[in-house]
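Dear colleague,

Please find below the structure I was asked to pass on to you. My notes on it follow directly after.

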Amino acid sequence: MEFDTSRFTVINHPLVQHKLHILRNKDTSTKQFRELVTELAIFEGYEAMRDFPLEDVTVETPLEATTCKRIAGKKVAIIPILRAGLGMVDGILQLTPSARVGHVGMYRDPETHEPHQYYCKFPEDIENRTCLVVDPMLATGGSLTAAIQFLREAGVKDIRALVLVAAPEGIKATLDFDKDVHLYTCAVDRELNSHAYILPGLGDAGDRIYGTK
């Protein structure tokens, strides 16, 4: 399955892959799973914000004034897809503490696998922000493309999607749906099964983050 590689990034750092193998393990505890999701979100956020522009700023060190760099004019919003996406928010906030957080709530119909929205709230100035949409799993792409559509309708121009594990079907659906979105993932898994679960995957991310079944 072919993707637009100019808008698709796999975070293949050795530490990311090491943490991912623990995340996949069915015996990993809820506490450790939650911590790993946060840590992997930090790695992804780092890559997703790599191209933010910089500007010069003068700083007084204890010894003298010097010219340093700071991020120029970028406002960030983090948009988790409920509920599993909430597990990635704290990691991104560690990188950008001033970011605003919006929410998109959707559930997947067990028969049709189609997403259904039950909640959506964005910061008032969302159209002026770079939006990082976060969700650990990208299966069919239905929830992610719906969230992207909500953001486009709200006037957002710069959307970056961050997932931990992605199926080829979901990657293609997302990149085909929006010609400007950039997608980041830690792994591209083999396929979806007949119930639209990712194989080999890591199970239900929401259940494993929150200890529910």
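A residue is called buried when its relative accessible area is under 20%, exposed when it is over 50%, and partly exposed in between, using a 1.4 Å probe and protein chains only. The model is predicted, so local features need a pLDDT of at least 70 and side-chain atom pairs count only at pLDDT 80 or more, whereas totals for chains, interfaces and linings use all residues. Residues are numbered from 1 along each chain as its sequence is written, and side-chain values use heavy atoms, with hydrogens and water left out.

I begin with Leu-86. Because its relative accessibility is 35%, Leu-86 counts as partly exposed. Leu-86 belongs to helix α3, which covers residues 86-95; helices (H or I, at least four residues) and strands (E, at least two) are DSSP runs, numbered from the N terminus. Neighbours within four places in sequence aside, Leu-86 is in contact with Pro-80, Ile-81, His-103 and Tyr-210, where contact means heavy atoms within 4.5 Å. The C-alpha atom of Leu-86 is separated by 7.7 Å from that of Asp-135, a residue 49 residues apart from it along the chain.

Next, the interior. A nonpolar core is a set of buried Ala, Val, Leu, Ile, Met, Phe, Trp, Tyr and Cys residues joined through side-chain atoms within 4.5 Å. The largest such core has 35 residues, and Leu-23, Leu-162 and Leu-164 have the most contacts inside it. At least two residues of this core come from each of α1 (14-24), α2 (30-48), β4 (76-82), α3, β8 (130-134) and α6 (205-210). Helix α2 gives the largest share, six residues. Another core, of 26 residues, lies apart from it and includes Phe-8, Ile-81, Ile-148 and Leu-151. Not counting residues up to four places away in sequence, Leu-162 touches, among others, Glu-44, Met-88, Leu-132, Asp-135 and Tyr-184.

Finally, the backbone geometry. The peptide bond from Leu-82 to Arg-83 is cis, with omega near 5 degrees, and Arg-83 lies in the loop between β4 and α3. A cis peptide bond also joins Leu-199 and Pro-200, where omega is about 0 degrees; Pro-200 is in the loop between β15 (198-199) and α6. Ala-196 is not a glycine, yet has a positive phi of about 65 degrees. Ala-196 sits in the loop between β14 (191-192) and β15, and it counts as buried because its relative accessibility is 5%.

With kind regards
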